[in-house]
Amino acid sequence: MSAKVATAVQRETCTKTVCPCKARCQAFRAEVIKRTIKNHKDIEAAKKAVYVAKRNAEINGDLYAEADPKLIVAIRIRGINGVSPKIKKILKLLRLRQINNAVFIKANASTIKMLRLVDPYVTYGYPTLETVQKLIYKRGALKINGNRMPITSNCMIKKALGDKDIVCVDDLIHEIYTVGKNFKEVNNKLAPFKLNGAKIAEKNKKIHFILGGGFGNRELLINKLIAKMN
């Protein structure tokens, strides 16, 4: 049998059989699509539940108090020359080692207390789903073997976080935004986001946001700042 004939026979055999690698890839894509749809439905259901509760409260003449935000995004805006070791340690614990670094933080009594102690050096607030998505899609990176590796594929996430049932970017976004049960492990695997230079005048960095400055709690207005820095 000539080489050309052998090659033709081999190609015909390959077309008749399904490549195991290709089958696995197709199955993984189908799983990612299924998870994306499920995550989207979960978030929409939560929004609908809040809307229904507000409407029922209005009908009954009651007041509806929304739950406190569970997720905070913090950005470091100032250097730490000449500050106390305590401030340096808190910024290190928050993983805000460099100016213009941003991190997600679970909102609880201890983290809010830490943020208040380092108020003059950070600005923070409550991110929307859109902000979380844009940060992770554009600047998301994982810490792998001590190195910062930009997120380039779902396979990369599955390899790093598959044991936490996080196999794709949408799973990662859902876990962060909803502050799921594996939030701590997933968030620690995410490297701090490196944003563009803060659009805050140097003189305003020493004034609280409430007084027209740059540092402190911006609540939902943090999303506007991140949109400029992302």
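Which helix holds K92? Select helix 3, residues 85–93, and K92 is there. Helices here are DSSP runs of H or I, at least four residues, numbered from the N terminus.

This is a predicted model, with local features needing pLDDT of at least 70 and side-chain atom pairs pLDDT 80 or more. Residues count from 1 along each chain, and side-chain values use heavy atoms, without hydrogens or water.

Next, the largest pocket: about 820 Å³ of space. Of its 20 lining residues, select V50, E66, A67, P69 and Y177, the closest to its centre. A pocket is an open set of 1 Å grid points with protein on both sides within 12 Å along at least five of seven lines; lining residues have an atom within 4 Å of a point. Helix 2 gives the most to the lining, 5 residues.

Last, select R35 and D165. Their salt bridge (Lys or Arg side-chain nitrogen within 4 Å of an Asp or Glu carboxyl oxygen) has its closest N and O atoms 2.7 Å apart. R35 lies in helix 2 and D165 in the loop between helix 6 and helix 7, so the pair ties together parts 130 residues apart in sequence.

Definitions and conventions: Helix = DSSP H or I, 4+ residues; strand = E, 2+ residues; numbered from the N terminus. 1 Å grid on protein atoms, 1.4 Å probe; cavity = no way out; pocket = protein on both sides within 12 Å on 5 of 7 lines; lining within 4 Å. Points joined across faces, edges and corners; volume = space filled by probe spheres on them.
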